Amino acid sequence: MWVEKLKINPIELLLSCGNSALEYFTKRDLLDLNPGNITDLWQLPTVEKLLKIQNSDGSWRYKGKRAGEKLGENYELVETWRNLRVLIEMFGCDNRHLTVQRAAEYIFSCQTVEGDIRGILSNQYIPYYMGAIFELLIKAGYENDDRILKGMDWLLDMRQNDGGWIIPMNMFKMQEYYSLCQKDPIPPEKERPFSHMATGMVIRSFAAHPVLREIEPAIQAGRLLKSRFFQKDAYSSRQAVNYWFKFQFPYWWTNLLTVMDSLMRLGFSSDDADIQKGITWFVEHQDKDGLWRATYQKNNYQESDLWITYAVCRILKYFLNFN
């Protein structure tokens, strides 16, 4: 079994953590057991709380500072995605749940006639956030929705010549942002090299899609990503090598864990030399208590580490058992 290749078996810790949702996914995804009806998780307090504070239009109110609101930045769009991450990834909610339905319709209301979701960077293109947002909607059951398919076509059109993606605003210096964001959306210069940070977020939507994960552009993007393991990004945003090892769950930015998860869903093999680099890093960096560490933690430190450990084990199970 795959756990025999680890320094310590973390399964017992995950099963006895006291978090019923995490215990459910451990049984289902790591032990191949039937943990019961996933809709039971939808009755848990966190899900109920998010339902109660959801706005009537399906969004959630962002409570922080709004420095870019005058420039058209949509803080509710970011907050809606933030909460959907929790509902879908940690509680298995899908489009049968009213909260998810309402949130999805709010997100689709931010879709332009071109097909992209816009508002996080004012009126500028955001292929990276769009990929991460569509990943959730696809997982929630919207994979055949015409609005999803239109958006996925838009993402394909936005690729660089090398097959990856960039954030067009990253072609400029940060101090130019406030003047540029008041103009028409700036398209990417296609001859520039891809950004693995941006590509890693975009590819999650393709990796989640049961059909589009098999198309050649998605596989090509996966090849590009794995070729960049442990290297600096080509652009200034989150450029340092150590961003490969900054983990959080549910996923946000690109890191080794999110990319390995996408490569798993894209069907890459553990025979691949780059994949072996990722496997080796995780095996060697398991802590003495059997866990892997979350980087962005707020209140419950151990629970954050447990979710990261679950996510790491999910990919190691796939790759270490690969035939």
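The model is predicted. The second largest pocket holds about 420 Å³ of space, and a search of the whole structure finds 1 cavity of 30 Å³ or more. The helix pairs described are H6 with H9, H4 with H5, and H11 with H12.

**Second largest pocket**

- The lining of the second largest pocket consists of 21 residues.
- Nearest the centre of this pocket are Leu-121, Tyr-128, Asn-170, Met-174 and Tyr-177.
- Helix H6 (127–142) and helix H8 (177–180) are the elements that each give two or more residues to this lining.
- H8 gives the most, with 3 residues.
- By class, the lining of the second largest pocket has 14 nonpolar, 4 polar and 3 charged residues.

**Largest cavity**

- The largest cavity contains about 50 Å³ of space.
- Its lining is made up of His-196, Met-197, Arg-238, Ala-240, Tyr-243, Trp-244 and Thr-254.
- Of these lining residues, 4 are nonpolar, 2 are polar and 1 is charged.

**Helices H6 and H9**

- The axes of H6 and helix H9 (residues 196–208) come within 7 Å and cross at roughly 20°, so H6 is roughly parallel to H9.
- The crossing of this pair is left-handed.
- On the H6 side, the contact involves Pro-127, Tyr-128, Tyr-129, Gly-131, Ala-132, Phe-134, Glu-135, Ile-138 and Lys-139.
- On the H9 side, the residues they meet are Met-197, Ala-198, Met-201, Val-202, Arg-204, Ser-205 and Ala-208.
- The contact of H6 with H9 has 11 nonpolar, 2 polar and 3 charged residues.
- Two residues link this contact to the spaces above: Tyr-128 is in the H6 part of the contact and lies among the residues nearest the centre of the second largest pocket, while Met-197 is in the H9 part and also lines the largest cavity.

**Helices H4 and H5**

- Helix H4 (residues 75–91) packs with H5 at an angle of about 145°, and their axes are 10 Å apart.
- H4 passes H5 in a left-handed crossing.
- From H4, Glu-76, Leu-77, Thr-80, Leu-84 and Leu-87 take part in the contact.
- From H5, the partners are Thr-99, Val-100, Ala-103, Tyr-106 and Ile-107.
- This contact comprises 7 nonpolar, 2 polar and 1 charged residues.

**Helices H11 and H12**

- The axes of H11 and helix H12 (residues 273–284) come within 11 Å and cross at roughly 130°, which means that H11 is oblique to H12.
- The crossing of H11 and H12 is left-handed.
- H11 contributes Leu-256, Leu-257, Met-260 and Leu-263 to the contact, and H12 contributes Ile-275, Gly-278, Ile-279, Trp-281 and Phe-282.
- The contact of H11 with H12 has 8 nonpolar residues, 1 polar residue and no charged residues.

**Backbone features in loops**

- Phe-249 and Pro-250 are joined by a cis peptide bond, with omega at about 0°.
- Pro-250 sits in the loop between helix H10 (216–226) and helix H11 (256–266).
- Ser-122 is not a glycine, yet has a positive phi of about 60°.
- The loop that holds Ser-122 is the one between helix H5 (98–109) and H6.

Technical notes
Residues are numbered from 1 along each chain as its sequence is written. This is a predicted model: local features need pLDDT of at least 70, side-chain atom pairs count only at pLDDT 80 or more; totals for chains, interfaces and linings use all residues. Side-chain values use heavy atoms; hydrogens and water are left out. On a 1 Å grid over the protein atoms alone, a cavity is a set of points where a 1.4 Å probe fits but cannot get out, and a pocket is an open set with protein on both sides within 12 Å along at least five of seven lines; lining residues have an atom within 4 Å of a point. Grid points are joined across faces, edges and corners, and a volume is the space filled by probe spheres set on the points. Helices (H or I, at least four residues) and strands (E, at least two) are DSSP runs, numbered from the N terminus. Ala, Val, Leu, Ile, Met, Phe, Trp, Tyr, Cys and Pro count as nonpolar, Asp, Glu, Lys and Arg as charged, and the others, Gly among them, as polar. Axes are lines fitted to C-alpha atoms, for helices over the stretch in contact, and angles run from 0 to 180 degrees between N-to-C directions. Angles under 35 degrees count as roughly parallel, over 145 as roughly antiparallel, 65 to 115 as roughly perpendicular and the rest as oblique. A crossing is left-handed if the near helix is turned anticlockwise from the far one by less than a right angle, and right-handed if clockwise. Contact means heavy atoms within 4.5 Å.
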